[in-house]
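Student: Could we go through this structure together, one question at a time?

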Amino acid sequence: MIYDQARYTEGNKHEPLLSEKDDTTVAVDETDSPLPDELTRDELTLPGLSEPEIARHYTRLSQMNWSIDSGPYPLGSCTMKYNPKFTEDVAADPNAAIHPDRSASSAQGNLGVLYGLQEYLATIGGMDAVTLQPPAGAAGEFTGILVAKAYHDHHGNDRSEVIIPASAHGTNFATAAMAGYDVVELPSDEGGRVDLEALKAAVSEETAALMLTNPNTVGLFERDIVEIAETVHEAGGLLYYDGANLNALLGRGRPGDMGFDIMHYNVHKTFATPHGGGGPGAGPVGVVDELSEFLPSPRVRETDDGDYERFDPDHSIGKVHGFAGNWLVLIKAYAYIARLGDEGLADASAKAVLNANYLAEQLEMDVPYGPFHHEFAATAGDRDAADVAKRMLDFGVHPPTTKWPEMVPEAMLTEPTEIENCRTLDQLAEAFNNAYSDTDEAIETAPSRTTASRIDQVSAARNPRLSWQALDE
Amino acid sequence: MTQPDGSPFAPHAAAETAAMLEAVGVESEADLFDIPDDVAFDGEFGIEPRSEQEIRGELRRLFARNNDLTEFMGRGHYSHYVPSIVDHLSDRAEFLTSYTQYQPEITQGFLQALFEYQSMLVELTGLPIANCSMYDGATALAEAALLADRVRQTSGHRILVPEYLRDGKRSVLENYVDGAGLVVESYPMDDGNVDREALAELTDEETAMIYAENPTVRGTIEEGLSEVGEIAADTEALFCLGSDLVALSLLEAPASVGADVVVGEADVLGLPTSYGMGLGIFATRESFLRQVPGRLVGVSEDSDDRRAYTLTLQTREQHIRKERATSNICTNQAWVALRAAMHIASLGPDGLVDLAEDCVRDAAALADRVDDLAGYQAPVHDRHHFREFVVRSDQPAEGIATALEAEGFAVHAVDDHLLQVCLTETNAHATDGLVAALQEAA
Amino acid sequence: MSFDVPDDLTYLESHEWTTTDDPTVRIGITDFAQDELGDVVFVELPAVGDEIEAGSAFGVVESIKAVSDLYAPISGEVTAVNEELFDQPELVNDDPFGDGWMLEVAPSDEAAFDGLLSPDEYRDQIA
């Protein structure tokens, strides 16, 4: 397939900035202000445009943007699946649009949905208690590690280290550091999984937790998970599950059954809430019974007479979001899970894994590690994975995640998800293969059919201009 | 055609699945899973799949269990009227269903919108650097404290915050800074605003950051922020100011009172009341650029020499710098930022200033009316107010709040005899009813 | 691909170079290092008067996709910093042994250069 993206061009730029369309200054001190001058700003300069102008501006911008509704978006570890439209309507219910400080008795509907989602997620992950407060996956990680810390503190154990496999998401490392832990990086074994001997050598009475993604970031299931869990638990540490790859396991394996004590869910991945160009997501956290008393406040429970109430866990860490997290996202996740039910969830994972395996089969590139599940890391070998990816943009697909994880040279981490049919996967494979076998010149100068041709990242970083004000300097 | 019991969003026909399994060389989908038996799940979740129509009905009924109250609530989460254009444009699937712009050539539209959002924050705060979102005001404040810890030359570990800071915000702050060894302490307020003498007294060489809000959580407008900036500067502490997009349109620009970082609620525009879902402002000085948390959109050129936008300075972020990243944030609130920018564009500078001035005028007018009622004094603080104000009630505040609920109104009970009332254009139609209900409950 | 390894310099395994014959020595990163990093976009260096310690990180060099610590070949006091690099980090790529130098340092002891690599030893390392 050939793809030509919309491109509005005016001189040396595309759609002009709002500020280039209009620049209106209001002299605040000359308005009939209810405040004394010394408490107000002097003036405010912003675009003052009519509604039709604004509609056109943003419509054009939208046309210069790729999305999952445009075509395949197989970014590994990102789980770009279709976002069912009806979930938007459900979340837009005006009755759900209430203030977070509402009394519990006047907010039974919201509390009911929160309770329902807590229950769904607990059973899906095999966990005993869930908080919905963390507003993103990384915030979920941070919440989980704070819970681990509170647990150790409560038991008088001052532990200083969090163990993380080298192939883990960057957020794991950053999260552990933010929580004040030293990071112990764990090498992979030859097969691409946790090196059990290295783990045994790494654990100690300093180990607060091991953070693990399973299947891992090249799609491999950690087959030694029971022994991994025993090793960590015997050292007195906790086992943390990074939920980024949960879309591989629905209905086939639950972190709680594998010995994990804490997990986060990425509802914007596994449960199909839209990514919104980078967010909002939500990163609920599930824990085993023993850790539930440390979860953030408040949680929601059902009373004997079928009402819902908020409560503070006995040794709660407090709050990780100003209010109740990304509420609108949580509604959409609830609706998605309800739509699929047991069979649909299991089928989503089955088809996600089938699609990844089928796609890999069609590629000319090698896939060094297997058997993989919902995603695989192909290697571009002696070609530059980033250049191959840029060339793919010309073929009506979004490329995979490139050059990560580092254990695969020139990695192209690919996750087609369950939403693609065979025909689309064939087209995707063709885009991979065409780009991979194209000439050096073609891939180095690609893309040409997108709104922008290859962008100079170096000058953007050497001379940062981060606002329209900075363009005039 | 989908299989009868499969996901409605997985398009595989049975024959298609069979052909794909054959291509892969396995008998069944189950053969693709490399999960040892002892940890494989063979139970049921017990989640009954429902049709789209059933779920819409189910949730409509559930949400109808929320009492239909007219809310006069604020304290960090505000309701402003969001024009229809914001919904219609932001809901375009090209925006809503896109991912982070890791391939900028094909995502210029969203990048430009975020660049414009950053630029609007630069105008509103007067600070030259703004990121393209934090989760909410609370986490933005926490990130500011961590930035203060990174950029400060000396060993300070104290973060000074107003005694009236929302409990939730303070708790988030404490959770974020604990790992860095910082300690959160309160400074007293003087009739609603910063007690600057007491603050000066409390501030020392160990102070890493002073945080103030304008308007304060009680709705008062600060009158001596430059002095607060000087107190911070005197000890080389950072001055972090919390505000929101509407207030920033009217009140003193943070840069002009010496703010080093501006945080707060950008969700006041673009998002309707949404049970506390947020959008955190983060703006700061040029010199802290390399220490900013979160994503930044910058300008560059493409190979045809045309202006192009791209995420930049990513070496600050977790996917490159790992445990030495400026923050662990990855997924942010980009789509909410898009909506806020659309709302700002829709109002324009005149509309923004008008809206902000109404927030001052209307709050004062309502406070006067409440003050005229027997059993109430309002506003409690002898200050200018923005959107909201505190009311002293002769009767216990909780009892009054409960009585108001029965009459269809929601207000905050913030202390034994203190209520808080917040007024915007979304509840202005109901002030007569509120005043009558207050009178009834006195 | 062969990399320039001047014979009059001494090297560190982590790809820094240092002069040896001056009262104050110059420090930078090697041709090999700049090539590995790719286009340098930012350099963070200590201030004049700061002490650096052999084997410890004294600064950071960044490209688009990577961040590397800079390790001190010797201990001593920083006497000069190449401020050109703040506006023109590309000098590190263009001329790593010349205009792309980073620091001048007054070594704190005579044995400062013990344990560093000769040009031949460094050539072997990057071969």
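Student: How many residue pairs are in polar contact across the interface of chain A and chain B?
Tutor: A polar contact is a pair of N or O atoms within 3.5 Å; within protein, one must be able to donate a hydrogen and the other to accept it, and residues adjacent in sequence count only if both atoms are side-chain atoms. With both residues required to be at pLDDT 80 or more, the rule finds across this interface a count of 92.

Student: Which helix of chain A gives the most to the side that touches chain B?
Tutor: Helices (H or I, at least four residues) and strands (E, at least two) are DSSP runs, numbered from the N terminus. The top contributor gives 28 residues and spans residues 327-362 of chain A, and its name is helix H9.

Student: Before we go on, what kind of model is this, and how are things numbered?
Tutor: Residues are numbered from 1 along each chain as its sequence is written, while chains are lettered from A and ligands numbered from 1 in the order in which they are written. Side-chain values use heavy atoms, with hydrogens and water left out, local features need pLDDT of at least 70, side-chain atom pairs count only at pLDDT 80 or more, and totals for chains, interfaces and linings use all residues, since this is a predicted model.

Student: How many residues does the contact take from chain A and from chain B?
Tutor: Contact means heavy atoms within 4.5 Å. The contact takes 200 residues from chain A and, from chain B, 168 residues.

Student: What area is buried between chain A and chain B?
Tutor: Buried area is the accessible area (1.4 Å probe) that two parts lose on being put together, summed over both. Carbon and sulfur atoms give 61% of it here, and the total is about 15,600 Å².

Student: Which residue of chain B forms a salt bridge with A:Arg41?
Tutor: A salt bridge is a side-chain nitrogen of Lys or Arg within 4 Å of a carboxyl oxygen of Asp or Glu. Across the interface of chain A and chain B the rule finds 13 of them. In the one formed by A:Arg41, the closest N and O atoms are 3.7 Å apart, and the partner is B:Glu123.

Student: Within chain A, how far apart are the centres of domain 1 and domain 2?
Tutor: The bounds come from an automatic or database domain assignment, which gives domain 1 as 86-339 and domain 2 as 343-460. Taken over C-alpha atoms, the separation of their centres is 29 Å.

Student: How many salt bridges are counted between domain 1 and domain 2 of chain A?
Tutor: These domains bury about 1,700 Å² between them. Seven residue pairs are in polar contact across their interface, both residues being at pLDDT 80 or more. For salt bridges, though, the count is zero.

Student: Is C:Ser63 buried or exposed?
Tutor: C:Ser63 sits in strand E6 (residues 57-63) of chain C. Its side chain has a polar atom 3.1 Å from the backbone oxygen of C:Leu37. Buried means under 20% relative accessible area, exposed over 50%, partly exposed in between (1.4 Å probe, protein chains only). The relative accessible area of C:Ser63 is 4%, so this residue is buried.

Student: Why is C:Gly49 called partly exposed?
Tutor: C:Gly49 lies in the loop between strand E4 (40-44) and strand E5 (51-52) of chain C. Leaving aside neighbours within four places in sequence, C:Gly49 is in contact with C:Glu77 and C:Val78. C:Gly49 is called partly exposed because its relative accessible area is 38%.
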